[in-house]
Amino acid sequence: MITLTINGVEVAVERGSTILEAAQFLGFPIPTLCHMEGLTPYGACRLCVVEIGNGSRTQLASSCTYPAVEGITVRTASVRVVRTRRMIVELLLASCPQSKTIQDLASALDIRQQRFRQEHEDCILCGRCVRMCAEQMAAGAIGFRGRGSYRGIGTPFDVTSEKCRLCGGCMYVCPACQLRCTYTEPDAAICGGCANLAPPCVNKPRFDDMMCYLKPCVACEIKPD
Amino acid sequence: MERLQSIDEFHGLCERLRVDRGADELPTIVIPAGTCGQASGANDLIRITKRTLLERGLGDRVRLRITGCHGYCQAEPSVLVEPQRTFYPRVGLDGMARIVEAVAEGRVLEDLLFADPASGRRVERQDEVPFFANQRRRLLARNEGVDPIRIFNAIERGGYATFIRLLESGRPEDVIDTLRRAGLRGRGGAGFPTWRKWQMLADQDGEQEKFLVCNADEGDPGAYMDRSLLEGNPHSILEGMLIGAFTTRSVEGVVYVRTEYPLAIKHLTIALRQARELGLLGKDILGTGFAFDVSLVRGAGAFVCGEETALMASVEGHMGEPRQRPPFPVQRGIEGRPTVINNVETWANVPVIVGEGLESRTGESTDGDRGTKIFSLVGKVANTGLVEVPMGTAIADIVYGIGGGSSSGKRIKAVQTGGPSGGCIPAARFDLPIDYDSLAAAGSIMGSGGMIVMDVDTCMVDVAKYFMNFLREESCGKCFTCRKGTQRMHEILEEISEGRGTLDQLNLLEELAEVVRDTSMCGLGQSAANPVLSTLRYFRDEYRRHVVDRRCDAFVCNHLVGAPCQAACPLGTEAWRYVAHIARGEVEEAYRVIREANPFPSVCARACDHPCEERCRAGTSGGTAVAIRALKRFITDRAAPSSYRPQRRSWPAGEPPRVAVIGAGPAGLTAAHYLSLAGCRVTVIEADAAPGGMLFCAIPSYRLPREVVRSEIDALLDENIELRCGAALGRDVTIDGLLEGGYGAVLLAMGAHKSRPLALPGEDAPGVFASIDFLKAFNIRGEQLAKGRVAVIGGGNSAIDAARTAIRQRDVESVTILYRRTRTEMPAFAEEIEAAIEEGIVLETLVAPTKIGTTNGVFSHLECMRNTLGEADASGRRRPVPTAGSEFRLELDTLIVAISEDSGVDAITPARGGRIEVTDRNTVMVDSATMLTSRYGVFAAGDVVTGPNTIVDAIAAGKRSAAMIELFLLDRPLEMRASGCLPSVYVEPPPVLEGEGADSARVETPRASVAWRRRNFAEVEVTLSPDEARREAGRCMRCDLEFTQPLQAELAKVGG
């Protein structure tokens, strides 16, 4: 067992746990986007950063990937951490404003505006779909390609994949297109989230007939919690 | 080659090599042929050398050694002759053939040697050339002795010897101890203590086999020291890795080298093959059972793969993406095995340090010496290349002592260290020692050692934008904050450089930079903020200039500069526009454009210092600038000032206010004119008998004829302006009196009329004159004060004016100008200095007066000393230092002191009495934005604020103060929104004829012959002919069309 201090509370966790698991065990809320139970942690979204260390020599690190180390001190909501989270949410809103998940994150932090040039992307490259496809569905049909602002997710050379079994898992886990409309008439949807749907592994034009590969649109089947 | 089976056989080989070389000290021609050498033509030199040696049968008398880079890239292709160490820089094809012959005959070719740029003195030995003399070339010197593709050569020079000694009788603990005492820290940038990293690897006692990695993915733009080590001495890296393997019990090594280094890859591949063949790599090395082999992995063009976890991913065949640490590579590295990654320079240091450590086992501590670091010194510096200096050397010593100072002649502003992960250090902090901690504290990092020198023509906003663009492209993209953060920071910097920035964005930039720094998973993102944060820290005013004033003072950001001639003019005169009209033969339009911006066009056409020409792109892009001033003269000679009718407005509310302007110089008269156009009633109060200020009383009439000044001033005076001459502030009027007497505002524009004294005793003796007094006496009263042998002390325009006036005076025999620095540093206009010398004035530079001598109370001689240029001071200019024993004496009759002007106590005291605050340089203090003095309602403009300055600056100040006074009188806030100065009017370019255009030669300004000039004060410069003017105007590159043509196209589409 490893003992560490989170927000002043000492906690003992199993060797191999991450700080995120330890904090969630204690009930401290840490927002996440790219993390998902059942998938290996990736550390792409940076929302889950926490402040590790003491005094002047602290660092911020993503709690989902940082292993619990004996004796470290962690703070999940220090000034630096909160400031960082707010900026990350602003950047998210600046890129992907139509995602309800991101809108909810913004409301939770009381952020109503973002100060950058507005973009409308439909992927935040969190990698959940890639890991879902590889780890849970054992297919590995999609992956990352390109670097930096050209980074994207898709099949090798954009060729329709033979490995893809059209399970829809990638769309299921996507935070940019999660929790969308609960209506069977997508036109009357509140958030218009299903208009984002861009399944990476299926070769379809966008926004065409709500680009369902199943009829009816599978988003309608997703019930809110 | 035969594989060596034992250590004894290795020693045997060393002995044979030593014997073979023998005691002969045959002269050897060493040609550095690293990548830069080959790119400069070293291959041709090698070819010529070989051919000459063969043809002349000199092969047994002269040797040839081809090596890697020696470091003095500026001087390549260069040749070094051993053992004399004769150094020949920048050798051409003919020179090479001559050198070969000279070497065979034991001669030295004087004319091909290095020449000191200041003194011209020739230096023969490489170690005395300033670039080399101030370095400590522990690693780079080895590149001179080793042929990288011959392993026997490397062994003969001591390669692998340290490793063999360790194999024989060394212990891993001793190696670690030696490294610890030597204090070797990683040279890749992070500076982690090498001994500790190796210790951690050695302590890993699992079953997995350990890896050693050499990180040769040198990605920083402008950094290439690793490249030259790999190209020049690859065996030193291999030996370092063998020593590392011995110490940590590793069995496998990888050199991860970037694909963009083909020569390094080639030399490494050859070195690996030869080492394996010889038995120094592989299983059972030299029969000792020790096994270690190295493989080469090539990068694929990603800067991020220089980061260790991304590098490991790449070696494993995955995308170069970093991962979280802990766990660290020593615990879990490539394929999960314990791994140590060190930089090329670190590995190269290992055999040197360990070798020395084994030598000095007497306990001699090397604690104080923290080793050397190689920097790549590039940018606006005279001597670019690779520089190896001890840790802790001050930046100034590298930039000036080794680098030779600025290459452009302009002031050095900053250095950028550490590549895209680093930051900028301003010139004021060049005393900083270079080491990991001091640079980090200053906001930069040591990084891999890149050092980019920047001068005043470098825009720091552009620098930040450049690095942010690089990081944006090279970010792997995994971390949201790094990917989006670099993209957004680049976006914001782009907006700022295009004139669309806001002050809020500066704060946003800082906030965002800090978040990116804090949240990124790897070093790329964590240090991505550095270029932005360090430029904001030290150069925030440049950002403000871009955002608030919409100006780029370095003339780099295209959308803020527009046409450089217009941007450079303090008045914003559309020089490109009137030049365009001249090219089309449209004289009147041209005059209108000039006069619209400038109320003194004829004056400026003769006496302006033409900042527009300094920035003209025809000049800055390698040719010669367009003769804009001469073209202006062409137009103003053809149009009468009265032909231009400016737009007049009437005062919007009530009785027109009254404004008092003190001083009828260019600043005061300009202000009066614009205030009159705005509807005010102006009284101009001038102390001298006639208006014009310096235009009239100081600038001689051979440069600026009296009639020209008078007619231009007359055109400006109208019924709104009352001119009162012979009335001085303090004596005849007071500020209190004016303000109480119904004047709504007062403008102080008295100029700088008091000569600064030399502060030597005897300055008040008869025969010694202050230059302003001397010039005024002649220009206003016609008194010719100069007699016999005249000396003028000073180097500015005032000194030249005084000298050229003196030489025309009746009783003068000779005129000599004495200046304490060199001619290139004289502040006077170059064409003025040229004209003075043409007229027979003698220019003596590097001379300073020490004593004014009198006989019978009258000036009779001057004692002087000669100077040399000494060390550069903080601004980068070399200080004149008196040379001991160089005293000499000049017998003279007249001495004119022209070292500078002050605003003058006599003008300032009444100003002070009027409760106006004054600086300690005797100038009036104003708020630079509003031009208000410390007293409400009193403004000041021109030389009285700035000290001696140019005419066009005074006119611009007058114009601006008029606008401010108008706002003041209308009771509006004193702010002027900065407007961009982008060209907006389309002037169709005429067809350019054959032989004309920017490549053709600049027109020579026609001048009267020297003989005719000497004895009269008639104007020296003559106007261009219409044909000359048209051709000269045709040379303009039309920088405006970039901005106006698209607008024109838009209008055409809409049918406008």
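I began with strand S1 of chain A, and found two bridges joining S1(A) to strand S5 (residues 73-75) of chain A, with the two running parallel. Strands are DSSP runs of E with at least two residues, helices are runs of H or I with at least four, and both are numbered from the N terminus. Strands pair if DSSP finds at least two bridges between them.

I noted that the model is predicted, that local features need pLDDT of at least 70 and side-chain atom pairs pLDDT 80 or more, and that totals for chains, interfaces and linings use all residues. Residues are numbered from 1 along each chain as its sequence is written, chains are lettered from A and ligands numbered from 1 in the order in which they are written, and side-chain values use heavy atoms, leaving out hydrogens and water.

**Entry 1: S1 of chain A**

In S5(A), I found Val74(A) as the bridge partner of Ile6(A). S1(A) also pairs with strand S2 (residues 9-13) of chain A, over five bridges and in the antiparallel sense. There Ile2(A) stands opposite Val13(A). The hairpin of S1(A) and S2(A) has two residues between the strands, and Asn7(A) takes a positive phi near 50° in this hairpin.

**Entry 2: an open sheet in chain B**

I followed five strands of chain B through an open sheet, in the order S9-S10-S8-S7-S11, with mixed pairing. The edge strands, which pair on one side only, are S9 (282-285) and S11 (339-343) of chain B. From one strand to the next, the twist averages 20°.

Inside this sheet I looked up S8 (residues 252-257) and S10 (residues 290-298) of chain B, which run parallel and are joined by six bridges. Tyr256(B) stands opposite Val297(B) in S10(B).

Helix H14 (residues 308-315) of chain B lies across S7 (211-216), S8, S10 and S11 of chain B, and runs at about 105° to S8(B). Axes are lines fitted to C-alpha atoms (for helices over the stretch in contact), with angles from 0 to 180 degrees between N-to-C directions.

The loop between H14 and S11 of chain B holds Pro326(B). I found a relative accessibility of 13%, so Pro326(B) counts as buried. Leaving out residues up to four places away in sequence, Pro326(B) touches Tyr66(A) and Pro67(A); contact means heavy atoms within 4.5 Å.

**Entry 3: helices of chain B**

How many residues of helix H9 (residues 172-182) of chain B are buried? I got eight of its eleven, so the helix is mostly covered. Among them are Pro172(B), Asp174(B), Ile176(B) and Arg181(B). The buried residues of H9(B) pack against H8 (161-169), H10 (194-203), H12 (234-248) and H15 (344-359) of chain B. Gly183(B) follows H9(B) and has a positive phi, near 70°.

Glu231(B) is in helix H11 (residues 225-232) of chain B. Its relative accessibility is 1%, so Glu231(B) counts as buried. Its contacts, not counting residues up to four places away in sequence, include Gly34(B), Pro148(B) and His267(B).

I then took helices H18 (residues 460-474) and H21 (residues 523-538) of chain B, whose axes come within 8 Å and cross at roughly 170°. The residues of H18(B) that meet H21(B) include Phe467(B) and Leu471(B), and those on the H21(B) side include Leu524(B) and Val532(B).

Most residues other than glycine have a negative phi, and most peptide bonds are trans. I looked for exceptions. The bond from Glu76(B) to Pro77(B) is cis, with omega near 0°, and Pro77(B) lies in the loop between S2 (63-67) and S3 (79-82) of chain B. Another cis bond joins Glu82(B) and Pro83(B), with omega about 0°. Pro83(B) lies in the loop between S3 and S4 (86-88) of chain B.

Asp110(A) has a positive phi, near 60°, and sits in the loop between H3 (100-108) and H4 (128-136) of chain A. Asp110(A) is partly exposed, at 47% relative accessible area. Phi of Ala759(B) is also positive, near 65°. Is Ala759(B) buried or exposed? I found a relative accessible area of 65%, so Ala759(B) is exposed.

Conventions:
Buried means under 20% relative accessible area, exposed over 50%, partly exposed in between (1.4 Å probe, protein chains only).
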